[in-house]
Amino acid sequence: MRVFVTPPMSHLELSELGDKNFYILGQLYKKSSEYREYTKKAIADGRFTILDSGVGDEGEVLTNEELFKLTKEIQPNEVIPLDVLYNRNETMRNFNQFVEWLKIERAKSNLMFTSLLACPQGKNWDEWLDCYRFFLMSRYVTCIGMIPHIMESDNIAYSRSVVVSRLKSMNLLRKQLHFLGQGDPREFIPYTGMRFRSTDSCYPILAAMNGIDLSDSEKFVRVPTPADYFDREIDPNIMDLIKKNVNFLRECCNDVL
């Protein structure tokens, strides 16, 4: 399973600890020329890119229109049409709107090879599952995003494992999955042999910034991502711990296909 590493703005090079990829946050691309230049270089270097609107992060969230405009400009490998936390109807409406815009651009021969990564939402399990099924059936969706908020629990690993177990029992694990955000990297160990594609997170870095060694199961704690995370500077003395945390995450993901 591929790993995306999401660093603060002043240390974008740490994203290169991931698997030749870059997770593009649209709100940062919009406001920072340095971020835009780094993004363009990452694409030129052939790294796999996902464009996100910023849902789930502290701060600005792009509109669906702004996100589509950036998609045309950046032409990432994948984009996540604007999802709305716990709101199935708005999420599906935004997705349908995004698809219509995509059809128009392609009809004009402005070929856009960007694929869609869709994130199901709902206020309860039944609504979330309905949205998941909708994306499962859509020929425009190549990958489905598993967010940390599915079961409205602070325990990311537990809540997503429950969802994965339910989907497996219903024979609904039929498309690639991308896991957005993380807590304990050990979440991914039980998925050995499953066709799960990738995960992104700032947590290997954030944990190191708080002196947490992710490989130490006895001392694991999930520190909430601070609102100013992307503006923070990293102490050079913790770079080895950051790399150790990323390597541990990769080990946990190693046997996931």
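## Close-up views of a predicted model

View 1. Gln182 is found in the loop that runs between strand S7 and strand S8 (198-201). Helices (H or I, at least four residues) and strands (E, at least two) are DSSP runs, numbered from the N terminus. Before looking further, please note that this is a predicted model, in which local features need pLDDT of at least 70 and side-chain atom pairs count only at pLDDT 80 or more, while totals for chains, interfaces and linings use all residues. Residues are numbered from 1 along each chain as its sequence is written, and side-chain values use heavy atoms, with hydrogens and water left out. With a relative accessible area of 1%, Gln182 is buried; buried means under 20% relative accessible area, exposed over 50%, and partly exposed in between (1.4 Å probe, protein chains only). The side chains of Gln182 and Thr199 meet in a polar contact of 2.9 Å. A polar contact is a pair of N or O atoms within 3.5 Å; within protein, one must be able to donate a hydrogen and the other to accept it, and residues adjacent in sequence count only if both atoms are side-chain atoms. Leaving aside neighbours within four places in sequence, Gln182 is in contact (heavy atoms within 4.5 Å) with several residues, including Ile156, Arg160, Phe188, Asp200, Arg222 and Leu249.

**View 2. Strand S7 and its partners.** Four of the five residues of S7 are buried, so this strand is largely enclosed by the rest of the structure. Two strands pair if DSSP finds at least two bridges between them. S6 and S7 run parallel and are joined by four bridges, with Ile144 standing opposite Leu177 in S7. S7 also pairs with S8 in the parallel sense, over three bridges; here Leu180 has Asp200 in S8 as its bridge partner.

**View 3. Helix H6, end to end.** At 1.5 Å a residue, the 14 residues of helix H6 (residues 156-169) should span 20 Å, and its end C-alpha atoms are 20 Å apart, which agrees. The expected span is 1.5 Å times one less than the number of residues in the helix. Which residues of H6 are buried? They are Ile156, Ala157, Ser159, Arg160, Val162, Val163, Val164 and Leu167. These buried residues pack against helix H5 (125-137), strand S6 (141-146) and strand S7 (176-180). Just after H6, Asn171 takes a positive phi of about 55°.

**View 4. Aromatic rings in pairs.** Rings of Phe, Tyr and Trp (its six-membered ring) pair if their centres lie within 6.5 Å; planes under 30 degrees apart count as stacked, over 60 as edge-to-face and the rest as tilted. By this rule there are 18 aromatic pairs. One of them joins Phe4 and Tyr23 edge-to-face, at 6.2 Å centre to centre and with 80° between the planes. Phe4 lies in strand S1 (residues 2-5) and Tyr23 in strand S2 (residues 21-25), so the pair ties together parts that are 19 residues apart in sequence. Phe4 is buried, at 1% relative accessible area, and Tyr23 is buried at 4% relative accessibility. The rings of Phe68 and Trp101 have centres 5.4 Å apart and planes at 50°, so this pair is tilted. Phe68 sits in helix H3 (residues 64-74) and Trp101 in helix H4 (residues 88-107), 33 residues apart, and their pair links distant parts of the chain. Phe68 is buried at 6% relative accessibility, whereas Trp101 is partly exposed at 21%. Elsewhere, ring pairs link Phe179, Phe188, Tyr191 and Phe196 into a cluster.

**View 5. Arginines over rings.** The charged end of Arg2 sits over the ring of Phe48, 4.8 Å from its centre. A charge sits over a ring if NZ of Lys or CZ of Arg is within 6 Å of the ring centre and within 35 degrees of the ring normal. Arg166 lies over the face of Trp125, at 4.8 Å from the ring centre.

**View 6. Strand S3, covered on both faces.** Five of the five residues of strand S3 (residues 48-52) are buried. In a regular strand the side chains alternate between the two faces of the sheet. On one side of S3 are the buried residues Phe48, Ile50 and Asp52, and on the other are Thr49 and Leu51, also buried. S2 and S3 run parallel, joined by five bridges, and Phe22 has Thr49 as its bridge partner in S3. Two bridges join S3 to strand S4 (residues 78-79), again in parallel; the partner of Ile50 in S4 is Glu78.
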